[in-house]
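Take a look at the structure below. Find the strands first, then the turns that link them.

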Amino acid sequence: MKFKIQNSSYGFLLLFLLGTIIQLRAQDQKSTVDSSLLERINYLEQQMNYHKSGDDHFMVVGLANFGFSSNKTTNTLNGISTTSKKSNLGDIDQFEFSPMFLWRHEKKYLMEFEPTFSQNGLGVSWADISYFAAPNVIIRAGYLVLPFGTYSKKQAAGWINKFATDPIGIADMPTSDYGVEVEGGLPLGDMKMNYDLALSNGLQLGNDGTVTSGYLVDNNTNKTITGRLGLLPFSNSSLEIGVSGMFGKVGTEGTSFHNVNGNMYAFDFNYVKTYVPFLVNFKSQYNIEDISNADYTTADEWATNYTFKNHSTSSFTQCSIRPTGIQALHDFELAARYSTYNTPSNSTWGSDQSAFAIGLNYWLSWRSVIKFTYEKYNGNSTGSEVLNAFTGITKSNTLYLQFSIQL
Amino acid sequence: MKINKNLQPISISIIVFVGILFITTINACAPTKAIAAKSGVQLWSENCQRCHNTPSPSTFSPEIWETVGMHMQTRALITENERDKIVDFLKSAR
């Protein structure tokens, strides 16, 4: 009996020891797992910190256009017609390579710089610094795109433009200048509005009555005010209508032009909406350019004095349709545009011009496109015959094949 | 733009007054509840296509979207609230 009791005591002791060992091993394994998990978490945290964004950020994007154009132009002057044919790789009017540098300093400052290499050589589209002063107030200074209409600021980039060319006249209007600007977008109940006001050195009048912009040194003490007000009346932002004005002295101080002023107006319209299965895009802009009267002198040996009403208008209306809801066709887009450009009659550069363009685009991605554009142009010279500036009637047909990408 | 010296204090006062009025007006503008409740994806689909195709969220990293968002605010003149919602959507939907 005694022997039996001893045996069972040993059995219990053995079981107790075994249990303790198993428990200790389990605890040991658990602490090994815990420490391995902690090490892993620490490593991941470290990795996250390595890749965590800083307060500042610098990046390069940009755009490029390249293509081919084939053109036939006929000019008729005094009953005699001459025809010329050209074809150009590089799509001579629209070849462009423009990297865009963006520096973000925390969330208050943004520097933007876009140099451009094109048929005009190296240039700068804009170079400015923006200060995000309040929720809907942005203050900018530098070399700015002026808030005159919307084409130059929003639609001119090759990968945005539905055509291989710019609308005539609109792109010839002054675009960038040195100055300061305040802009922003505002909620207005169900609607929205936006404002954009710039004070810049202003346009400068040439000896033939044309105006140009983008001068670091002003030609007078007056500054030019350019502003645009936009209204988006629908809650889905599908429609935007805008009105712009540009007012300032354009004549050079100390010359006979010192009192010449420029008053310009632009009206723009933008409607983009999906009507299943089509995305419809309708855009239009109308510009008026009035320069007050001045007496001009020809640069030739005769030094003839002349004057003219310096009034120009330019406009474009375009529509594009993309079958986004049809799987087989959703990368294609059809577009048509009519544009006009009328410059002062009896000047040395007067003409009534119009162009009709039709295009078929194939979208390779949301930001790269192959464009086929066919453009028919008519230009009737209204230049002064007295000054030998009448150049007759010009008609041309041009076919473009262009690749545009935003990088 | 020459200003008579006697008129300078008045001109400065007018500029300050107009500035204060301008800031007050901007701060007073408000959206309706339905507009304020719009999501980032809805604002992305409505606003980007006004100028160009709607961008794919996978195009850029979250850090780049922050910078692009600021650049696009200066171009499209969307409100800051719209910008923040669109950028948040683009960052989260990658």
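What follows is a short walk through this structure, which is a predicted model.

Start with strand 1 of chain A, residues 56-77. Which strands pair with it? Strand 2 is one of its partners, and the two are antiparallel, with 10 bridges. Strand 3 is another antiparallel partner, and again 10 bridges make the join. Strand 21, residues 393-406, also pairs with strand 1 in the antiparallel sense, over 14 bridges.

Look for A:Phe58: its bridge partner in strand 3 is A:Trp103. Now move to A:Thr73, which stands opposite A:Ser396 in strand 21. Then go on to A:Leu77, whose bridge partner in strand 2 is A:Ile80.

Strands 1 and 2 of chain A form a hairpin, with 2 residues between them. A:Asn78 sits in this turn. What is the phi of A:Asn78? It is near 55 degrees, a positive value in a residue that is not glycine. Is A:Asn78 buried or exposed? A:Asn78 counts as exposed because it has 6 C-beta neighbours inside 10 Å, and the cut-off for exposed is 12 or fewer.

Next, follow chain A to the loop between strand 3 (96-105) and strand 4 (109-118). A:Glu106 lies in that loop. Its phi is positive too, near 50 degrees, and A:Glu106 is likewise a residue other than glycine. Why does A:Glu106 count as exposed? A:Glu106 has 11 C-beta neighbours inside 10 Å, so it falls in the exposed class.

Further along chain A comes another loop, between strand 13 (261-275) and strand 14 (278-291). A:Pro277 is found there. Look at the peptide bond that joins A:Val276 to A:Pro277: it is cis. Its omega is about 10 degrees.

Now switch to chain B and find helix 3, residues 40-47. Which residues of this helix are buried? They are B:Leu43, B:Trp44, B:Glu46 and B:Asn47. A residue counts as buried when 20 or more other C-beta atoms lie within 10 Å of its own. What do the buried residues of helix 3 pack against? They pack against two helices of chain B: helix 4 (62-76) and helix 5 (80-92).

To finish, go back to the hairpin of strands 1 and 2 in chain A.

Technical notes. Residues numbered from 1 in each chain as written. Chains lettered and ligands numbered in written order. Predicted model: local features only at pLDDT ≥ 70, side-chain atom pairs only at ≥ 80, totals over all residues. Helix = DSSP H or I, 4+ residues; strand = E, 2+ residues; numbered from the N terminus. Contact = placed C-beta atoms within 7 Å. Pairing = 2+ DSSP bridges.
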